[in-house]
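Work through the following exercises with the sequence and the model open beside you. Each task is followed by a solution that goes step by step.

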Amino acid sequence: MIWINRLILYIPLAVTILVLAWLVLKTIAKKKISRRTYLKLILLIIGVYILKLAAWAIFKYWQLAHDPFGQYLLPGKGSKYYEQMLWFISQPYVIALAIAIGLVVFANLVTRLTKRPLFEHDDFYVIFLTTFVVGYPNIFVLIVGSGILMIFFQIGAVLRSRGKSLQEFRVSFAPFLLVSALIIIILANFSFYNQFLGYLRLI
């Protein structure tokens, strides 16, 4: 049954990497991505992770039902083990979804209050998508990493410009979020990255 666990884990991961990579390539090619496309990709990602949780819940229930001792851990047997495990698995996605919505609302509010185009049209969709897929606590790494990449890009642009103002080089935050999210998703599969998060006291 190990292969079932691996399918449940790696299929959503593969879909996420493909979506992020496609968006990065589109961004590099400077091709416009429509609002409808962004919405479809967001719904695809959320749908894939909902299916992942549903598949895990069904598989775990089946495992417990076919285990002599596990049967006593099922709902209705006086134990809340199954419900607690289901919430434990779902909690990171619920938190990520809440933070993703919160960041989009915050970015929109900042734009309205400052009355300046601090964020481009694509940024709001990418903020939501990347925040959700990296999840907590990777969101902190996502924001810091994207910020560092953007600063270096801006510095390079100014140096190449030979004295033009920074305002002429305002760039979208979206590409840096996408690249950072793709890197985080890949690195999260290696133990040294989790050790790095532990060193930062994020986990």
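Residues 24 or more positions apart account for 70% of the contacts in the chain with a separation of 6 or more, where contact means heavy atoms within 4.5 Å. The model is predicted, so that local features need pLDDT of at least 70 and side-chain atom pairs count only at pLDDT 80 or more, while totals for chains, interfaces and linings use all residues. Residues are numbered from 1 along each chain as its sequence is written, and side-chain values use heavy atoms, with hydrogens and water left out.

**Exercise 1. Describe the secondary structure and the overall extent of the chain.**

Step 1: the secondary structure comes to 7 helices and 0 strands, these being DSSP runs numbered from the N terminus (helices H or I, at least four residues; strands E, at least two).
Step 2: the C-alpha atoms fill a box of roughly 75 × 35 × 30 Å, taken along the principal axes.
Step 3: of the 203 residues, 35% count as buried, a class that means under 20% relative accessible area, with exposed over 50% and partly exposed in between (1.4 Å probe, protein chains only).

**Exercise 2. Determine how helix 4 is placed against helix 6.**

Step 1: two packed helices are described by the angle between their axes and the distance between the axes. Axes are lines fitted to C-alpha atoms, for helices over the stretch in contact, and angles run from 0 to 180 degrees between N-to-C directions.
Step 2: the axes of helix 4 (residues 121–134) and helix 6 (residues 174–187) come within 9 Å and cross at roughly 10 degrees.
Step 3: the two helices are therefore roughly parallel to each other, given that angles under 35 degrees count as roughly parallel, over 145 as roughly antiparallel, 65 to 115 as roughly perpendicular and the rest as oblique.
Step 4: the contact involves Asp123, Val126, Ile127, Thr130, Val133 and Val134 of helix 4, together with Ala174, Leu177, Leu178, Ala181, Ile184 and Ile185 of helix 6.
Step 5: among the buried residues of helix 6 are Leu177, Leu178, Ala181, Ile184 and Ile185.

**Exercise 3. Is helix 3 roughly parallel or roughly antiparallel to helix 4?**

Step 1: the axes of helix 3 (residues 81–114) and helix 4 come within 8 Å and cross at roughly 155 degrees.
Step 2: that angle makes helix 3 roughly antiparallel to helix 4.
Step 3: on the helix 4 side, Phe124, Ile127, Phe128, Thr131 and Phe132 meet residues of helix 3 that include Tyr93, Leu97, Ala100, Val104 and Thr111.

**Exercise 4. Work out how helix 2 is placed against helix 4.**

Step 1: the axes of helix 2 (residues 35–65) and helix 4 come within 10 Å and cross at roughly 10 degrees.
Step 2: helix 2 is therefore roughly parallel to helix 4.

**Exercise 5. Is Trp22 buried, partly exposed or exposed, and which residues does it contact?**

Step 1: Trp22 is found in helix 1 (residues 2–28).
Step 2: its relative accessibility is 35%, so Trp22 counts as partly exposed.
Step 3: leaving aside neighbours within four places in sequence, Trp22 is in contact with Thr37 and Leu41.
Step 4: the C-alpha atoms of Trp22 and Val133, which lie 111 residues apart along the chain, are separated by 15 Å.
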